[in-house]
Amino acid sequence: MQNNQIFINTVRFFILMLLQVIVLNHINLLGYVNPYAYIIFILLFPFDGNKTLLILLSFLLGLCIDMFSDSGGVHAAACVLIGFLRPILLKFSFGVSYQYNAVKLNKVTFKERLLYIILMVFIHHFMLFSLEVFSLSHISLILKSTLFSGIFSTLLILCILLLFKRKEN
């Protein structure tokens, strides 16, 4: 990574962590709808970046959220999972062009971008709520929380990405 990318990713890491901890962790609609926008960091990490570094940073991001939320490691586990699965999901979402590093998230079609975001968000949320509840007798709560929080998080992530979309020349 270049120095510019390192700086941008460092700033993104801390801003998203603080946004999640200070604002979004206090939103709880109907008892089971929570937005989790901090996974934007994992979504936007450079596609040609070091995969081991991504998994390590995913763990650190989740661990920071866990420390501030007192949630016992569920965010770290969910972040590590999507950091690990990201190359597979990128290949599934963008096809062969991902293998040749020809993909830029802001240059792909909306359908491909939406598929990638939805897959990442719902896998993250399912893992997060499964570990949080940790009981198959409450599978309806896990699925309901995953569905509604996933929809809310996906919409929030799309709005944030649209808001901070880079201007093209």
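This is a predicted model: local features need pLDDT of at least 70, side-chain atom pairs count only at pLDDT 80 or more; totals for chains, interfaces and linings use all residues.
View 1. Apart from neighbours within four places in sequence, serine 153 is in contact with Asn34, Pro35, Tyr36, Val121 and His125. Serine 153 belongs to helix H7, which covers residues 139-163. Its relative accessibility is 0%, so serine 153 counts as buried. A polar contact of 2.9 Å joins the side chains of serine 153 and histidine 125.

**View 2. Helix H3 and its cover.** H3 is made up of 19 residues and spans 27 Å from first to last C-alpha, close to the 27 Å expected at 1.5 Å a residue. Buried positions in H3 are Leu54, Ser58, Leu61, Gly62, Cys64, Ile65 and Asp66. The cover over the buried residues of H3 includes helix H1 (3-22), helix H2 (40-44) and helix H4 (74-94).

**View 3. The two ends of helix H3.** At the start of H3, the backbone nitrogen of threonine 52 has a side-chain oxygen of asparagine 50 within 2.9 Å. Aspartate 70 follows H3 and has a positive phi, near 55°.

View 4. Leu56, Phe59, Leu60, Leu63 and Met67 make a nonpolar surface patch of about 440 Å². Leucine 60 is found in H3, residues 51-69. The relative accessible area of leucine 60 is 34%, and this residue is therefore classed as partly exposed, the class between under 20% (buried) and over 50% (exposed). Patch members need over 30% relative accessible area, and leucine 60 has 34%.

Technical notes
Residues are numbered from 1 along each chain as its sequence is written. Side-chain values use heavy atoms; hydrogens and water are left out. Patches are made of residues with over 30% relative accessible area and no salt bridge: like charges are joined within 9 Å, nonpolar side chains (Val, Leu, Ile, Met, Phe, Trp, Tyr) within 5 Å. Accessible areas come from the Shrake-Rupley method with a 1.4 Å probe; for residues, only the protein chains shown count as cover. A salt bridge is a side-chain nitrogen of Lys or Arg within 4 Å of a carboxyl oxygen of Asp or Glu. Helices (H or I, at least four residues) and strands (E, at least two) are DSSP runs, numbered from the N terminus. Buried means under 20% relative accessible area, exposed over 50%, partly exposed in between (1.4 Å probe, protein chains only). The expected span of a helix is 1.5 Å times one less than its number of residues. Contact means heavy atoms within 4.5 Å. A polar contact is a pair of N or O atoms within 3.5 Å; within protein, one must be able to donate a hydrogen and the other to accept it, and residues adjacent in sequence count only if both atoms are side-chain atoms.
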